[in-house]
Amino acid sequence: MKREPIVFILVLAILALKASSLFSEEVTSARVRPRSKPLELTAHGAADLVEGIAVDKHQRDLFLRPSADQPLATLLVPYPQLPRQSVLLPPPLPNPGSHVHSLNLFVRPISLSGSVGGSALNSGDEEIADDSDIAFDGEIEIDPTEQYRAEFDHVRLNAVTTLYGQIVNENRYELKTGDILEFVQYDVDSGRERYSVRPYAEDEYQSFGFAENLHNKIELDYRAQLKSMSAGSLSQVAVFIDWLLSNGLSESIAFDYAKDLAMRSSKLGPDDGQNWLTVAKTYEATLDYDQAFTVYSLMVGAKVTGEFANELLASGLTSGRFSHMSAPRVAMGMVLQKLNLHTAARQQFEVAMDVSDGTSYAPMALGHALLQEGSYSAARENLQRAFNKQANRSNDIALENGISLGLSMLAQSDWTAAAEQYQSVIELAADKSSFVARAEAGLVAAQYLSGDFAVAQMTAEEAIINVGATPQLLYLRAITTGANGGDVGEVIADLNAAVAVQPLAAADYLAALAFYADVAQDTIAAENALSAALEQSPHHVYARYLQAFIAARNGDLLGAQAEYESLVKGNPNSAAMLAAYASLLLEQGDYAKANVAFTRIDLQLSQQTKSTARAAAWANVYLRQGMNLLSLSKHDEALSSFDYALSLDDKLHAARNARAISMYATGELDVAVAEFSYLQDALRDDIEDEQYLYASLWQARMQEHDRLRRWVDDFSAERLRPGWDLQDGARAGISPRHDDQSLVIKGSHEAAARTSVSRSVPGIAFRSFAAELSIGTEHRGGAGVSIALMNRSKINWSFEIERNREGNLSYTVSRGTRSESSNLDVNVPSNIPMTVSFSLDREPKQPVLTVRVNNKVVYSDEVVALRNPTGRMTSSFFAKTAHALPVDISLDNVELIYAQL
């Protein structure tokens with residue numbers, strides 16, 4: 001019979017059987033499928049049907065394919081090493097306020113040339129060099145007569161003989177030639193009396209004189225003024241009173257004589273308000289503010305009572321007689337300022353402005369008050385009004401006003417106008433060296449604050465040549481040299497010199513010295529200078545900023561935070577201080593509070609950051625803002641911050657790396673790799689750069705991580721997931737099976753045997769294997785977990801963790817015919833799950849295998865055999881006995897990680 005008819009007949013038969021089963025009304029019990037239960041609908045919406053349904057260990061995941069693996073979660077990438085924090089340079093003198101320092105004094109950490117020999121801070125105990133052997137071209141001769149007359153009174157007896165000593169007449173200052181002198185002669189060499197008092201009659205001497213010292217000059221000039229004093233000479237008397245007041249601290253009698261002459265002047269000219277102002281000024285000079293205020297109050301007609309007021313009224317000062325003058329009101333305000341009553345003082349200045357007497361006193365005083373309050377625009381307006389009213393701009397009052405006007409311009413960041421104003425004061429001051437020096441300092445400050453450090457340094461050097469090395473100019477030359485990257489030794493020397501000249505008011509100089517000593521890495525000198533600055537001025541803003549900056553750098557984050565918080569409250573418009581505070585909060589991990597600080601900088605103080613020539617310093621700050629946003633998972637905002645930082649400084653490589661990890665966090669691996677590659681290309685000539693190394697390392701890690709897959713089995717399904725090998729390791733009558741939510745090897749060996757279950761992947765793809773192994777109480781042999789590199793059923797290398805019958809663990813490493821075992825001093829009781837994991841790190845040149853038991857590392861070493869393995873890596877768990885004994889082990893929560901090839 002031919003084959004074709006037979007096949008045809010068989011097909012017809014099969015079709016007939018199928019048709020009969022379809023039309024049959026009865027179905028055999030073996031073929032009946034159980035009726036499915038009704039589907040219980042949840043309250044989830046259409047968009048939540050998948051992700052909203054919880055899947056526990058005892059419920060099968062209907063959406064998971066049996067053989068499916070999963071990608072790993074994205075890597076937790078550490079942030080790149082950030083560049084050193086930007087720092088605020090020491091402010092100039094004059095100092096317009098912390099709100100303008102951020103513009104150009106906030107810079108990347110600077111480095112200076114040169115070095116400092118010894119300590120940067122003079123101790124004051126340096127030995128004085130012996131210059132006795134120094135030869136001079138000519139001898140310096142001192143006229144002994146001049147020296148004697150400076151120390152002693154003298155009586156000239158004749159052309160040859162002059163005696164030195166002391167005239168002791170009670171009316172000594174009223175004596176005239178021809179009067180009888182009572183004279184005590186002294187030994188001019190020892191300064192002791194030679195004889196007792198001896199009278200000299202008119203015919204016994206030719207002339208006499210008093211010692212040429214300040215006290216005698218005051219006494220003689222005072223009496224001379226009394227003799228010549230008249231209504232027409234009051235202007236000269238006023239000049240002499242000013243001279244007395246300027247010397248009152250040296251000779252207290254000068255204050256008394258000044259008061260006496262002032263009262264005499266007011267009686268001679270009671271209708272001249274300047275005379276009464278002079279009276280009040282003498283009381284102010286002796287800190288008797290109550291008496292001075294009484295004089296001013298009576299002048300303007302303010303109500304005042306008291307004994308002194310009555311004396312003034314009796315002397316001719318009629319209440320309200322000079323209410324048309326603004327000067328008394330201004331003077332009242334200045335007294336109130338000295339008493340720290342600034343609001344009341346400003347009110348007096350505003351009242352004085354209403355007087356409109358054509359003088360500059362009121363607008364000048366109001367401008368000063370507004371300048372101290374921080375109302376810089378209004379201050380400049382009033383100071384300019386006063387300057388316009390001053391016809392003689394070369395007098396002291398006008399020059400003082402001109403310097404204050406320049407300061408108001410600095411406070412408004414109007415560097416060009418300020419420089420022009422100070423240059424004008426220099427020209428007007430002419431030979432008044434103190435005003436010239438202060439105006440030169442203002443000119444340097446304007447150039448320094450504008451960021452033109454080189455020109456500022458040159459101006460400071462020329463100013464010292466022109467007007468001398470005042471402490472202020474020495475300080476300015478030091479900080480401009482430092483900002484310009486000059487010699488650190490010269491900077492330190494100038495600052496030490498400024499401190500030496502003005503040791504009791506040197507807080508500004510000491511704070512700058514601390515900064516540059518720190519730059520020179522002289523830590524001890526920096527600490528000592530900073531302590532001295534804060535001791536002199538505990539509230540010194542820059543010294544406190546520097547203290548907080550150094551504390552944060554040295555790890556005292558809590559101390560630095562407290563100081564920064566106080567500084568930010570006191571200087572809310574300083575972007576540099578707020579940036580330092582925000583960076584500290586970032587370092588502490590207080591991301592929410594840091595975000596508030598960074599946002600304030602970006603929104604409210606951006607005029608200090610986005611219009612500055614010192615862009616690199618602010619690029620550093622915006623980089624940190626981006627890192628803070630990245631920590632808050634605000635990836636889009638972080639990217640914007642990184643982009644802005646790179647626009648300010650395209651060589652800020654840390655921002656490029658940060659941008660890459662931000663893109664990676666949003667799933668844009670290709671873009672992240674491109675960023676890393678761009679950076680590595682830019683730094684190809686400097687492959688040791690830390691940012692290059694970071695980019696290279698994490699690009700490789702991200703790409704490697706992207707290839708990894710995670711295969712897990714918690715045995716919660718109805719049957720084993722595909723991939724397990726249950727046959728090759730079955731021995732002696734035991735069949736591994738899926739039972740009770742785990743993979744079980746249970747039964748009795750018929751003889752000595754080893755039964756195992758395995759799962760394998762290509763050897764080069766293996767990364768880690770972990771599982772929970774439980775040993776039952778009936779188990780009577782060894783059991784464990786292992787990984788083995790196999791090639792055609794031959795084991796080339798293996799690592800086993802084994803538990804013996806007593807529960808003690810050991811490990812065995814095998815390679816070919818060699819093996820090495822070691823006990824682990826770990827005991828695992830029965831029915832207690834034991835977690836074992838094998839993790840292979842392929843990043844080093846030689847792969848490193850780390851083995852953990854219950855999350856404790858029990859082995860970690862290089863494995864040369866796994867560098868370029870061939871064959872497959874088999875992960876398994878096993879039970880073995882030496883005789884026919886029962887076994888009872890189970891495996892759960894398996895995780896296998898491998899790379900896609």
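Student: What makes some residues of the lining of the largest pocket nonpolar, and how many are there?

Tutor: In this predicted model, the lining divides into 14 nonpolar, six polar and seven charged residues. Leu and Ile count as nonpolar and Lys as charged. Leu 277, Ile 397 and Lys 281 are among the residues closest to the pocket's centre, so by that rule Leu 277 and Ile 397 are nonpolar, whereas Lys 281 is charged.

Student: Which helices supply at least two residues of that lining each?

Tutor: They are H5 (234–246), H7 (273–285), H10 (327–338), H12 (361–373) and H14 (396–411).

Student: Why is strand S13 described as largely enclosed?

Tutor: A residue is buried when its relative accessible area is under 20%. Seven of the 10 residues of S13 (residues 753–762) are buried, so the rest of the structure largely encloses this strand.

Student: How do you know that S13 and S22 pair?

Tutor: Pairing needs at least two bridges. S13 and S22 (residues 872–881) are joined by 10 bridges, so they pair, and they run antiparallel. Along them, Ser 760 stands opposite Thr 874 in S22.

Student: What is the predictor's confidence in the protein?

Tutor: On a scale from 0 to 100, the average pLDDT is 86, and 90% of the residues score at least 70. Over residues 24–64, though, the pLDDT is below 50, and this stretch has 17 contacts beyond near neighbours in sequence. Residues 123–142 also stay under 50, with one contact beyond four places in sequence.

How values were computed:
Residues are numbered from 1 along each chain as its sequence is written. This is a predicted model: local features need pLDDT of at least 70, side-chain atom pairs count only at pLDDT 80 or more; totals for chains, interfaces and linings use all residues. Side-chain values use heavy atoms; hydrogens and water are left out. On a 1 Å grid over the protein atoms alone, a cavity is a set of points where a 1.4 Å probe fits but cannot get out, and a pocket is an open set with protein on both sides within 12 Å along at least five of seven lines; lining residues have an atom within 4 Å of a point. Helices (H or I, at least four residues) and strands (E, at least two) are DSSP runs, numbered from the N terminus. Contact means heavy atoms within 4.5 Å. Buried means under 20% relative accessible area, exposed over 50%, partly exposed in between (1.4 Å probe, protein chains only).
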